[in-house]
Every structure is written in C-alpha cells, then in structure tokens.
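I worked from the sequence and the coordinates.

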Amino acid sequence: MTANDSVMHDRAMKAAQAAKAPSRVALLGFGTVGQAVTRILTSGDVPGLSLTHVFNRDVARKRADWVPASVAWTESIEAVLAADVDIVIELVGGVHPTYEWVRRALESGKSVVTANKQLMAHFGGELLDLARAKGREIRFEASVAGGIPVLRALQEGLAGDRLVEVRGILNGTCAYILSRMQTEGTSFADALKEAQAAGYAEADPTEDVDGADAAAKLAIIVAVGLRRPVRVGAIATRSIRPIEAVDFEYARQLGCTIRQIARASVEEGGKVFAAVRPALVPLNSAFGRVEGSQNVVTVRGVYGGETSFSGSGAGGSPTAVAVVSDVLSVRQSLGGTAGLDAGPAPAVHEVHGDFTAPHYVRFIVNDKPGILAQVTAAYARYGINIDGVLQLPRFRKDRLPFVTTLEECPESMLDKALADVSQSDYHVQPPIALPIFE
C-alpha cells in the first residue's frame, strides 16, 4: 500500500465512522419554523441527526416541555459557537447579526443550513466561498419558495440545460391577498387584515407587499439557476398596494387576474433583466390558478423548454421539511462541495428592470370631455400603440375608472407617457400600469 493509498484509506474509514455517528445539530431560532424543525428532528423519523442545542432570545419564555431533556437551551450564541456540533440551523432571520453568526459558525468548522433569504441574497456568494475554503457546507433551499425544492431542482435536476428565464409567484403573503381580492372582491386593506389574522402576513407587511421579499428570493434563483449573481437592491420592485377590487373586474374582462410576479431573464449578449411587480396573468395559467399562499416557479431553458414547480410557499411545516432535507444532505455529503454551488463564485452582473411587454393601464378620473384624447396623445409621443379601451358602466362620473390596454412597449417609455398625463387636473388618484404576461 502506497502512502497515498494509506491516506485515502484513512479518509474512507473516518467517513464511514462519521456516517454511523449521529450528526449533532444546533438550532438558532425557535419561532414557527424552528418549532416545526424541532418536532421533525425529535420525532425519530430522521435517524442520524441529534438536536443538541436550541438558541433563542429570552429562552426561558420559549422553552417547551415536549422537547427532550437532552437538548440544551441557551440565549448565548457564544455557547452554541463553542459547542461540539456539526451543523448549525439558522432560523433567526434578518441580516445582522445573523451574518456574523453564520460566518463564525463556518469559520469554526461547522456547516450551516439557513432559511434566510435576505442573508443569502446579500451575502450568499461570500458565505459560499467561505464554506468552500473551510471544507464545510452552507445550504439554503428553504430560503426560496418554502417547501418547494426549487434550488436543488435547478442545480441538479436541470443541470444539463442552460436556463435563460424564470418567472414566479414567490411571496405567499401577496398570493393570499391578491387571491382574496379576486374571489371575494375585498379591498387591499381588508385582505391584508385577513392575511395577518391567518398568519400569512407580518404585523409590518412592507417587505412582502412592496416586493423586497420576492426580490431577495429572485436574486437567489437568478444566481443559482441562471448563473448570474445580481445585487438584490438593483432589482426593480413595485408594490401591490395600489391594486383595487375594480382592477380584478377589468382583468376578468381580459381573461386575466392579477398576481405579484418575480421575473428575470438573460438576453442575447448576456444582459440580465429582473423585476418584481404586480402583473396581469391569464386566468387559466399556472399563475392565474394560484390560491392562498401557494408558490409557483417556471423556468425556461435553451434545450428543455419550460419546467414548472408549485407547492406550499409559506408555513412552518413545509419550510421545516426543506430545512431538514438540507441538513440530511449536509450529513450525506461527508465533506463534499459547499452548498448548491460547486464552482467558483461568478462575478456580480448589472441588472436592468426595463422589460418590454403589453400593458394594462387603469385611470380613475373626474370625467370630462377630452381626457382620452390627452392620454392617447401622450402615448403617441413615446411611440406607444393602444390595443383597446375598457370602461365598465355604473361608476360615478366624479370617480370614473377606465382602462387602456397597450401593445408591447418598454416600461420606461410608458412611465414617461404617464408622467406627462399625471400633470392634468382630472386625476382622482394616480394611474397604475401593470404588464400583461402571457
């Protein structure tokens, strides 16, 4: 046996021993998802994993009597980082101090599993590089689309294709709100209150309804699936707040409904487009059929065409399944490559949000002669062609909604046209423009 053979034999023996011994797991965060993860890890259904620590602020308030007595409860992150654990699960959320904790965990020789979309959107490349340098792993399947294994499917199941476009409903809060507005005719404010009462929306829903949550998830998918890392802050976002019940009535006239859509594509020449905004989608499409907090992701490849994934995008149990699946993957890898990205981190790409698409534009005006002529003149100045005009009956003249549908045009040109007409005094409130996706 050569010296090299001896080294390889020793490594194989150590790997076999590690496979037999349970992997020691520490959990950071005992909220909804953390509790669901704990129930799975202590159920006896996942042999090979041993939960040893639970970290949470004000831990005495969180302690649960159904957790085995062998689990150490602590509110000291230092105790967790100094402990002899193999894998740290980060479910605290936010960017700081979780970034610092995850870095220190990797530096101390621990692998990390996280559901933290903002952390991975902002620092994913750096943390993947650090994990690789330390011979550890960082996995983050649960950071996107809850219980749907999108990232692993993109990285492994579609590895033979070159993916060039992704569209998705990535935020369960917005999916719930918009589907309630569609089916019940409720206002945005009332649908938001329902979502909060059902546990689908936070007390402060800003990150969800204004698009930041979906943008962070989109940035992760673009980096993993399209191989084009982008800065999450560069992804254009628009809020669903201006959507009203009347918009669903007009959308229905067009055979459509409204959903928050995250969209990114790589065009010829390598230019990357990415945006998150409410959009019209056909009622009979995968996006149009989404109800409640369901998520849907559709990717398009050069060779394989379109592939779709759907499932529960929110809730403790679906997300917990994704987290524990990542923990098992880390255990099985026995020192394999870091996370879902085995290659060197590619350069960050500039991202643009000026998609060209047909558009729906809704006005609410104090009706008087000449309004439509002013609007069409503004469109003409920027080379925008009208496809149709819709005006439902029964609305008051002093608060009259009407819609123009437009042929394909760059969003930047439409914004300029609407800026021109917004100076007029007939507007009761600002017009809204939504792309129409086939």
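The model I consulted is a predicted one. I began with burial: in helix 8, the buried residues are G172, T173, C174, A175, Y176, I177, L178, S179, M181 and Q182. Since 10 of the 13 residues of helix 8 are buried, I noted that the helix is largely enclosed by the rest of the structure.

I next asked what covers the buried residues of helix 8.

I then checked the length. Helix 8 runs over residues 172-184, and at 1.5 Å a residue its 13 residues should span 18 Å. The C-alpha atoms at its ends lie 18 Å apart, which agrees with that expectation.

I inspected both ends. At the N-terminal end, N171 caps helix 8, with a side-chain oxygen 3.1 Å from the backbone nitrogen of T173. After helix 8 comes G185, and I noted that its phi is positive, near 70 degrees.

Last, I looked at the packing against helix 9. The axes of helix 8 and helix 9 are 9 Å apart, and the two helices pack at an angle of about 130 degrees. Helix 8 is therefore oblique to helix 9. I recorded their crossing as right-handed.

Definitions and conventions
Residues numbered from 1 in each chain as written. Predicted model: local features only at pLDDT ≥ 70, side-chain atom pairs only at ≥ 80, totals over all residues. Heavy atoms only, no water. Helix = DSSP H or I, 4+ residues; strand = E, 2+ residues; numbered from the N terminus. Expected span 1.5 Å × (residues − 1). Buried < 20%, exposed > 50% of the residue type's maximum accessible area, 1.4 Å probe, protein only. Contact = heavy atoms within 4.5 Å. Polar contact = N/O pair within 3.5 Å; in protein donor to acceptor, adjacent residues only side chain to side chain. Axes fitted to C-alpha atoms, helices over the stretch in contact; angles between N-to-C directions. Parallel < 35°, antiparallel > 145°, perpendicular 65-115°, else oblique. Left-handed = near helix turned anticlockwise from the far one by under 90°.
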